Amino acid sequence: MTTTTTAAAGPKTATAQSLTLTDLVKTYMAKGRESFAAVKGINLDIAPGELIALLGPSGCGKTTTLRMIAGLETVTSGSIKIGDREISQLPASKRGIGVGFESYALYPPMSVRENLLYGLKARKVKGAEQMVSSISTRLEMDDMMDLRPAGLSSGQKQRVALARALVRNPPVLLLDEPLSHLDASARQRVRRELKVLQREFGYTTIVVTHDQVEALSLADRLAVMDAGVVQQFGTPDEVFDDPANLFVAQFVGEPQINVVHGVARSDGGTVRVEIGSGAGSLPTTVTGVADGTEVSVGIRPQDCTVSTAEATGLRTTVAYFEHLLEFGLATTTVAGVQEGIVVQTPAQESYEPEQKVVIGAPPERVYLFDTDTGDRLR
């Protein structure tokens, strides 16, 4: 599946430019081996000043895509444009792109300050010292500016690499796992500051990450990738609330979406879905699925409702309950269903093992998927 989506206009500055990927392909070939397509015809239209996240598991092609934009991988076919300028055949040094990769690539003999200044002075940028001082303060780096990379932790090195990419004030900024080596508290602070800086200076930004919290909190839109293909491209709300297929539904969301086997029941109108052996059914907003069709049913734990009274819904039994202070998680079992169904409950509620409960969900939040292809049924 190849996805093309045109962005709504994002925040702009004088330097921000659009970034357009058209039918972008990367195929690796080696003598005596079968060719391997790492990226399979990606189309993305990114507005000036927009922050995009490429989200997906390891090996899905997101870093390869980033490296092609940066000029560190050759393009097998397709087009990369910044504004109206085709850059796919230009060397990396001619593209005017700021890059921050997970591998820090810092100069060992130089202090942090010198690492940040090096590129600016090489290009004879005026006010370089003030630019470095400002970015170091924003990223809480003032206490490490005179240290060399050997004296830094991995998290500090990553912060320096991020600062070096930001200090150039580039029209397009590429970040590969920019926060992966930071501890939890530093990751939250730097993530917020990165968002503020991106909004303030209007960088057109692509962030590569496998961390869905990072993607959902940072991105204006995110491209969920798998096996070299963009499975869905949209706002965080669109991707979370309206997943295009089963892969997207399972990859985005914490706790992970429940997926169980079901059978569609229809009298020509909207579909109800039966789950388990005589356990009951749930209404959906799906139409056009034939009665008796076997489907995969997706229900997010956050969307489930729980009742201990006699109610219409899915009759289940609590297997165990976890109280997580802000909310609870009840794992329930359904007769005839191998998988448990996890339900998120309010903080003030508690359930006991073997307790009988009835699960419901809003019809629009009960997702049906083709059991063979994983495509969404609507």
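Modeller: Happy to! One term comes up throughout: a contact means heavy atoms within 4.5 Å. This is a predicted model, in which local features need pLDDT of at least 70 and side-chain atom pairs count only at pLDDT 80 or more, while totals for chains, interfaces and linings use all residues. Residues are numbered from 1 along each chain as its sequence is written, and side-chain values use heavy atoms, with hydrogens and water left out.

For orientation, the protein has eight helices and 21 strands (DSSP runs numbered from the N terminus, helices being H or I of at least four residues and strands E of at least two). Of its 378 residues, 50% are buried, meaning under 20% relative accessible area, with exposed over 50% and partly exposed in between (1.4 Å probe, protein chains only).

Now to the core itself. A nonpolar core is a set of buried Ala, Val, Leu, Ile, Met, Phe, Trp, Tyr and Cys residues joined through side-chain atoms within 4.5 Å. The largest one has 40 residues, and Leu116, Ile135 and Leu166 are among those with the most contacts inside it. Elements giving it two or more residues include α2 (112-122), α3 (128-138), α4 (154-166) and α5 (184-201). The biggest share, five residues, comes from α4.

Take Leu166: leaving aside residues up to four places away in sequence, Leu166 touches Ile135, Leu139, Leu173, Leu194, Leu197 and Tyr203.

Next, look at α3, whose buried residues are Ala128, Val132, Ile135 and Ser136. Seen down the axis of α3, these fall within an arc of 100° (taken from the directions from the helix axis to the C-beta atoms), so they line one face of the helix. They pack against α2, α4 and α5. Just after α3, Glu140 takes a positive phi of about 55°.

Finally, the axes of α4 and α5 come within 13 Å and cross at roughly 0°. Such axes are lines fitted to C-alpha atoms, for helices over the stretch in contact, and angles run from 0 to 180 degrees between N-to-C directions. The two helices, α4 and α5, are therefore roughly parallel to each other, a label for angles under 35 degrees. Arg159, Leu162 and Leu166 of α4 meet Ala186, Val190, Leu194 and Leu197 of α5.

Technical notes:
Angles under 35 degrees count as roughly parallel, over 145 as roughly antiparallel, 65 to 115 as roughly perpendicular and the rest as oblique.
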